[in-house]
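Grab a pencil and let's work through a few exercises together. Try each task yourself before you read its solution.

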Amino acid sequence: MKENKKKIHIARKDFYTIPNILCYFRFALVPLFITFYLYGLYHSSLGFEIAGIVMVVLASLTDLVDGKIARKFNLITDLGKFLDPAADKVMQFAIAIVNCLVFKDFTGHNYMWVLLGVFITKELTQFLSIYLIWRHGQYINGAKWYGKLSTFVFDVLMIVTIAIPLFSEPTQGITIALNIMLLVVLVVLIFAWVMYIVECVKLWKSGVNNIPPSIYGEESKEEDDND
């Protein structure tokens with residue numbers, strides 16, 4: 001089995017590319033979102049709550065823009081490959097934490113913490129599984145449909161939960177609807193989690209090195225050609 005020799009190369013100039021600067025900006029938006037939204041929530045200030053949501057919108061827009069800029073102007077770097085998903089996960093985690101507080105304040109229930117626990121465990125175990133099969137010589141090519149589905153339903157619940165206090169007072173009907181949504185998202189997350197683990201196990205057992213040569217370092221490709 002060919003050993004994965006992919007090397008990470010980070011030059012000083014990589015820290016100052018526009019896509020990576022936009023990633024820094026997204027990291028900076030995280031504490032701003034938490035501060036503005038929670039201040040507005042606990043001080044009944046609609047303006048601050050809206051400002052917090054604007055921070056999330058800005059993060060989403062810069063997430064779309066930085067990738068397009070990187071591809072169009074050939075500014076894709078190993079540093080950016082780490083910063084971009086890291087910024088996404090940090091903002092997603094921040095939104096989830098805030099949603100736990102909002103959900104408790106709005107419905108009087110702590111169920112959202114259960115969902116957050118499943119979400120964190122899923123992300124950590126998926127990362128570890130993907131890393132292990134990568135070291136073993138296997139590669140999951142792109143996001144799977146069940147992964148995209150779980151991300152979509154999770155994000156929808158997060159958006160609804162932080163937005164609904166802006167437009168409505170707590171009612172029994174809304175509380176029941178949110179609880180049903182939370183249960184659906186929990187089921188979908190667990191399904192995607194299990195499917196990813198099954199995929200990793202299948203790849204591991206296959207023993208086939210399916211890592212594309214294009215994502216090895218140049219030195220590694222040359223060494224492979226000389227073997």
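**Exercise 1.** At 1.5 Å a residue, what should the 26 residues of helix 4 span, and how far apart are its end C-alpha atoms?

*Solution.* A quick word on what you're looking at: this is a predicted model, where local features need pLDDT of at least 70, side-chain atom pairs count only at pLDDT 80 or more, and totals for chains, interfaces and linings use all residues. Residues are numbered from 1 along each chain as its sequence is written, and side-chain values use heavy atoms, with hydrogens and water left out.

Step 1: get the rule. The expected span is 1.5 Å times one less than the number of residues in the helix. Helices here are DSSP runs (H or I, at least four residues), numbered from the N terminus.
Step 2: apply it. Helix 4 should span 38 Å.
Step 3: check it. The end C-alpha atoms of helix 4 are 38 Å apart, which agrees.
Step 4: look just past the end.

**Exercise 2.** Which residues of helix 4 are buried, and what do they pack against?

*Solution.* Step 1: buried means under 20% relative accessible area, with a 1.4 Å probe and protein chains only.
Step 1: list them. Among the buried ones are Met112, Leu115, Leu116, Phe119, Lys122 and Glu123.
Step 2: spot the spacing. An α-helix has 3.6 residues a turn, so residues three or four places apart point the same way.
Step 3: find the partners. The buried residues of helix 4 pack against helix 3, helix 5 and helix 6, where contact means heavy atoms within 4.5 Å.

**Exercise 3.** Which way do helix 2 and helix 3 run relative to each other, roughly parallel or roughly antiparallel?

*Solution.* Step 1: take the angle. Helix 2 and helix 3 pack at about 160°, with axes 11 Å apart. Axes are lines fitted to C-alpha atoms over the stretch in contact, and angles run from 0 to 180 degrees between N-to-C directions.
Step 1: classify it. Angles over 145 degrees count as roughly antiparallel and those under 35 as roughly parallel. Helix 2 and helix 3 are therefore roughly antiparallel.
Step 2: see who meets whom. Met55, Val56, Ala59, Asp63 and Asp66 in helix 2 meet Asp84, Asp88, Met91 and Ile95 in helix 3.

Conventions
Helix = DSSP H or I, 4+ residues; strand = E, 2+ residues; numbered from the N terminus. Parallel < 35°, antiparallel > 145°, perpendicular 65-115°, else oblique. Buried < 20%, exposed > 50% of the residue type's maximum accessible area, 1.4 Å probe, protein only.
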